[in-house]
Amino acid sequence: MSNFLSKCAGRSACLVALGCLSSVAAQAAVDAGPVRALVDATIRPLMERYDIPGMAVAVTIAGHAQVFDYGVASKESGTPVGDTTLFEIGSVSKTLTATLATYAQATGRLSLDDNPGRYVPQLRGRAIDRATLVNLGTYTAGGLPLQFPDTVDEGDDAAIAYLAAWKPDAAPGTEREYSNPSLGMLGYATGIAMKDGFVASMERQLLPRLGMRQTHIRMPADAMAGYAMGYREGKPVHASPGPFDVETYGIKTTAADMIRFVQANIDPGSLEPALQRAVEATHVGYFQAGTLVQGLGWEQYPWPVSREALLGGNSDEMILDPTPVVRLAPHAPTSPRLYDKTGSTGGFGAYVVFVPSRRVGLVMLANRNYPIPARVEAAYAILDKLASPSDIDPTTARP
């Protein structure tokens with residue numbers, strides 16, 4: 001694990017910040033300065049080390065959110081990152097896709113125990129139809145690949161044809177293999193169950209109910225000015241279309257909207273009943289895989305969690321290789337948990353993490369795809385201190 005820790009950006013600055021924060025912790029309940037100091041001391045060296053043009057970082061403590069903006073949304077125009085800057089969040093989109101699926105279940109439109117062929121007739125009787133929607137949502141269908149092969153053209157028909165012909169490597173529920181086609185199929189089936197299709201169901205039903213009014217799949221004309229440029233090898237880029245792209249990496253959002261979603265996950269009791277049940281259902285763990293427990297969209301760990309365990313759960317091996325799983329009896333969490341999800345596109349990198357029992361959460365959005373271990377290490381340095389009862393007390397802290 002030391003090779004992961006060696007990749008931390010500005011680790012010494014992080015540690016200095018933690019010490020500074022402890023010395024002023026008593027002021028945290030009435031002053032946001034210590035939070036800003038911690039975030040600044042962690043994020044600025046991270047950006048410098050990985051040549052990140054711009055970032056938006058949001059923190060929530062006891063229901064109070066703060067957003068900190070850094071750098072530029074576009075190097076060409078020099079536009080600074082601001083309140084309306086939209087970032088691609090890559091696979092963090094999967095957490096919203098999963099929430100749409102559990103919302104469809106909460107409103108009686110599908111069951112996660114169903115097989116995909118119930119909603120997609122082309123898959124009935126095929127190998128993939130031995131998996132359930134839960135298997136698809138937890139990457140345990142039997143070895144679906146990380147990405148569709150390059151031979152699969154953009155468009156749903158090509159994706160469905162590939163899945164109809166797919167042959168599994170393992171029985172459903174025995175291995176976790178992280179996969180866009182897997183979660184994408186869950187989203188596609190959910191769109192059919194919702195009657196309006198995935199995009200319309202997300203944009204017209206789920207996002208408004210969550211209060212995420214600056215979050216989009218299809219970019220409206222009046223939001224384009226806020227759409228940050230991503231950067232890959234120094235060149236400006238946006239995500240390219242692909243099979244099941246909208247279901248797996250299609251969300252563009254602001255840090256303020258994402259922290260609002262985190263707050264809904266921390267305190268779902270404030271939501272309408274069906275949406276509350278939907279959010280809570282994404283917190284159920286189905287399979288133990290290495291150091292993580294895989295739920296629908298979110299990955300989770302017992303809290304407190306070590307850096308090594310969190311880095312291990314977000315390692316290349318967990319993304320690229322099949323991992324044997326232990327099936328869990330699905331139930332609502334009964335002990336403190338940390339939930340997280342990373343996401344990347346060609347020009348963007350995101351990380352979202354929260355601890356409901358401590359009522360704290362963190363969103364990190366960047367317009368460069370920088371290494372995942374560096375994201376996790378930086379987030380851990382911030383969140384561990386925010387969630388520490390000996391420092392910032394999340395029952396009293398205010399922005």
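Let me begin with conventions. Residues are numbered from 1 along each chain as its sequence is written. Because the model is predicted, local features need a pLDDT of at least 70, side-chain atom pairs count only at pLDDT 80 or more, and totals for chains, interfaces and linings use all residues, while side-chain values use heavy atoms, with hydrogens and water left out.

I turn to the chain as a whole. The protein chain contains 14 helices and 15 strands; helices (H or I, at least four residues) and strands (E, at least two) are DSSP runs, numbered from the N terminus. Of its 399 residues, 59% count as buried. Here buried means under 20% relative accessible area, exposed over 50%, and partly exposed in between, with a 1.4 Å probe and protein chains only. Among contacts between residues at least 6 apart in sequence, 71% join residues at least 24 apart, a contact being heavy atoms within 4.5 Å.

How far may the model be trusted? The predictor's confidence in each residue is the pLDDT, from 0 to 100. The protein chain averages 91, and 89% of the residues score at least 70. Confidence is highest in strand E3 (residues 87-88), at 99, and lowest in helix H1 (residues 2-5), at a mean of 29. Over residues 1-31 the pLDDT stays under 50, and the model has 55 contacts beyond four places in sequence for them. Residues 393-399 also have a pLDDT below 50, with 23 contacts beyond near neighbours in sequence. Where pLDDT is low, the predicted coordinates should not be read in detail.

Next, helix H10, residues 255-266. At 1.5 Å a residue its 12 residues should span 16 Å, and its end C-alpha atoms are 16 Å apart, which agrees; the expected span is 1.5 Å times one less than the number of residues. Nine of the 12 residues are buried, so H10 is largely enclosed by the rest of the structure. Among the buried residues are Asp257, Met258, Phe261 and Asn265.

Which residues lie nearest the centre of the largest pocket? They are Gln147, Asn180, Tyr249, Ser344 and Thr345, out of 35 lining residues. Helix H9 (245-249), helix H13 (316-320) and strand E13 (337-345) each give two or more residues to this lining, and E13 gives the most, with five. The lining divides into 13 nonpolar, 15 polar and seven charged residues.

The loop between strand E12 (326-327) and E13 holds Ser335. Ser335 is partly exposed, with a relative accessible area of 38%. The peptide bond from Trp303 to Pro304 is cis, with omega near 0°, and Pro304 sits in the loop between strand E10 (299-302) and helix H12 (307-313).

Backbone geometry deserves a further remark. Most residues other than glycine have a negative phi, and most peptide bonds are trans. Ala62, not a glycine, has a positive phi of about 55°; its place is the loop between strand E1 (54-61) and strand E2 (64-71). Glu233 likewise has a positive phi, near 55°, in the loop between strand E5 (230-232) and strand E6 (235-237). Are these residues buried or exposed? Ala62 is buried, with a relative accessible area of 11%, whereas Glu233 is exposed, at 73%.

Terms used: 1 Å grid on protein atoms, 1.4 Å probe; cavity = no way out; pocket = protein on both sides within 12 Å on 5 of 7 lines; lining within 4 Å. Nonpolar A, V, L, I, M, F, W, Y, C, P; charged D, E, K, R; others polar.
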